[in-house]
Amino acid sequence: MTDLAHYRNIGIFAHVDAGKTTTTERILKLTGKIHKIGEVHDGETTTDFMDQERERGITIQSAATTCFWKDYRFNIIDTPGHVDFTIEVYRSLKVLDGGIGVFCGSGGVEPQSETNWRYANDSKVARVIYINKLDRIGADFYRVVKQVEEVLGAVPVVMTLPIGTEDEFVGVVDLLTEKAWVWDNSGDPMNYVIQDVPADMVELVKEWREKLIDQVADQFDDVMEAYLDGETPDIETIKRCIRKGTIHLDFFPTFCGSAFKNKGVQLVLDGVIDYLPCPTEVNPQPEVDLEGNFTGLFADVDADKPLRALAFKIMDDRFGALTFLRIYSGKIEKGTNVLNTFTGKTERIGRIVEMHADTRNELESAQAGDIVAVLGMKNIQTGHTLCDPKSPATLEPMVFPEPVISLAISPKDKAASEKMGIALGKMIQEDPSFHVETDEDSGETILKGMGELHLDIKVDILKRTHGVEVIVGKPQVAYRETITKSVEDEYTHKKQSGGSGQYGKINYRIEPGEPGSGYVFESAVTGGNVPREFWPAVDKGFKSMLDKGVLAGFPCLDFKVVLLDGAFHAVDSSAIAFEIAAKAAFRQSIPKAGPQLIEPIMKVDTFTPADHVGDVIGDLNRRRGMIKSQDAAASGVRIKSDVPLSEMFGYIGDLRTMTSGRGQFSMEFSHYMPCPKNVSEEVIKEVTERNKAKAK
């Protein structure tokens, strides 16, 4: 049996360019997993192994690897930072026990860091913080610590202080041992000396160490009482307090360094061992029934219990489909059968492999606490539960965001058409935030995703990985329709055609709902004018019409239907008659209810050097943006705004032109808002013309 106390399942997450992949690369070097360090800017890192990742210098899909540090086994997942791929962060955090949040020493707490932090809070993942890039111009450790408190609302417990700033940064002081770790300039992470604290930092170290003990001593009453009596706890006691508070998410141990210059990473690894939980110390996963209701049972991390494993990622590579599993309880062995509770079918475990980015080691079995990949699964998708066929159970599934942008593609020739269907099938399995639909009128294939970059990379994967040449259309915005006023109406459906006829009469009210409420149906029928067994048919009829609004055929959102009254016939009434009545009622009444086009509004976070702020704000205003806030940082200004998605196409090019290549931005979906009249008219006109062209 493996000792689970020596396991750490951790993820590394941060904003774009804060240094996650570089930090992962240093960890792999220090733990002896790799012998030559690859750099992101050279396209040679271990965990960024896709062509698209190496060219663009960004992480697109989370990569898993395993390494050992001081007899502890680390299962590490390096996640993407770009907002279009947050789905990868979300699903990785869902199966991890702990994380390392990396922040840039000069950029501080950036927008994507906030989103990832929020995901980690939702998943109740314990974290240590690593403030990276302290060798950069404008880096300020203390400013970033303050931002963690103010922007994230978190409590950082500072464990190390930097020695020197910017290009004079040489090492860190460990506040627990009150010793300085100083590295030379050779770039070798092992070339360091441990010495006394520099004379000019003695008072500072004393002040921050006292603050550290103040923050953590109240985790245990006896430690707090002794501390209040003037007794300073020893290092082991302080570590015990920090560990308890970290696992309970009361605070977050905060380290500093420069991963690129190989300074400070060892202390972070020690922090992972000392403060982050092992698999048995986190709350067990709740089990739910097939309707998603909590059963009151939990999947305890125990190899002797029945199997419970969650498929959190599916990846297609040259050997076939790989299913990444986090095993919560029980064990799996090669050649055994397991039950997929979502499909109700059993599947055979082909091969079990331990991943190291895109290479793998064969395993005979795996057990509770492990993160492994399995080959040979046929009908499995992200979020499905695998369990013991004799003891079925479902783990809490994952919820994925809806796409906000779409793109029409068509294959260049007949040969490409067949290949494209197979390739898209594999890509949908890998990425639950990527949707594919076929336009019934034109026969075009519509790709839907989280942003321009997301779809751009999907088209690139189609071309390069799968060898499918496609013609790409213009990106389309996911508009929606809603109503603005309440309407009371009635509709009677009757049809007589030999034999029994069809009859259903409904009186109803359609009224605007709260933003974000979707579609709501309720019945206020008293007496038996519309028998209860026909209510679901009325609901089904209205619901079936939601996908095609009356203005431009976009899906309808945020309205409520109340069934007030009606009539039925003892012989001719049936569920189908009431369903048809509801469909016709929708077509009859929605045009009277002030239908309105609504558009997705994005939360945009733009970073610009201070001398270009006026240009950037002027440009955002021209894009119908609402400026929310401006925050001055060391190397520029962060502007937060809400901007309609339709105005954001091609923004990165314009921003770079305005800021001489120094501007950056990120955006994520915020909410839907009514379109201005001129925009609405333009969109409806465009859709009408497109439909006419298709009809020809």
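Guide: Helices are DSSP runs of H or I with at least four residues and strands are runs of E with at least two, numbered from the N terminus. The model is a predicted one, where local features need pLDDT of at least 70 and side-chain atom pairs count only at pLDDT 80 or more, while totals for chains, interfaces and linings use all residues. Residues are numbered from 1 along each chain as its sequence is written, and side-chain values use heavy atoms, with hydrogens and water left out.

Visitor: Okay, which helix holds Arg26, and is Arg26 buried or exposed?

Guide: Arg26 sits in helix H1, which covers residues 20–30. "Buried" is under 20% relative accessible area, "exposed" is over 50% and "partly exposed" is in between (1.4 Å probe, protein chains only). With a relative accessible area of 1%, Arg26 is therefore buried.

Visitor: How far is Arg26 from Asn262, going by C-alpha atoms?

Guide: Along the chain, 236 residues separate Arg26 and Asn262.

Visitor: Zooming out, how much of the protein is buried?

Guide: There are 16 helices and 37 strands in the protein. For contacts (heavy atoms within 4.5 Å) with a separation of 6 or more, 71% come from residues 24 or more positions apart. Out of 696 residues, the share that counts as buried is 54%.

Visitor: Let's talk helix pairs. How are H10 and H11 set against each other?

Guide: H10 (residues 414–430) packs on H11 (residues 452–464) with the axes 11 Å apart and an angle of about 135°. Axes are lines fitted to C-alpha atoms, for helices over the stretch in contact, with angles from 0 to 180 degrees between N-to-C directions. Under 35 degrees is roughly parallel, over 145 roughly antiparallel, 65 to 115 roughly perpendicular, and the rest oblique. So the word for H10 and H11 is oblique.

Visitor: How do the residues of that H10–H11 contact divide?

Guide: H10 brings Ala423, Leu424 and Met427, while H11 brings Lys458, Ile461 and Leu462. Nonpolar covers Ala, Val, Leu, Ile, Met, Phe, Trp, Tyr, Cys and Pro; charged covers Asp, Glu, Lys and Arg; polar is the others, Gly among them. The tally is 5 nonpolar, no polar and 1 charged.

Visitor: What about H6 and H8: is the crossing left-handed or right-handed?

Guide: The axes of H6 (residues 202–216) and H8 (residues 235–247) come within 9 Å and cross at roughly 55°, so this pair is oblique too. Arg209, Leu212, Ile213 and Val216 of H6 touch Ile235, Ile238, Cys241 and Ile242 of H8, a set of 7 nonpolar, no polar and 1 charged. A near helix turned from the far one by less than a right angle gives a left-handed crossing if anticlockwise, right-handed if clockwise. H6 passes H8 in a crossing that is left-handed.

Visitor: On to strands. Why is S27 largely enclosed?

Guide: Two strands pair if DSSP finds at least two bridges between them. S27 pairs antiparallel with S25 (residues 405–411) over 5 bridges and with S26 (residues 435–438), also antiparallel, over 4; Ser406 faces Lys448 and Val436 faces Leu447. S27 (residues 445–449) is largely enclosed by the rest of the structure because its buried residues number 4 of the 5.

Visitor: Last one: in the S17–S18 hairpin, which turn residue has a positive phi?

Guide: S17 (residues 337–340) and S18 (residues 345–348) pair antiparallel over 4 bridges, and Leu339 stands opposite Thr346. The hairpin has 4 residues between the strands, and the one with a positive phi, about 75°, is Gly344.
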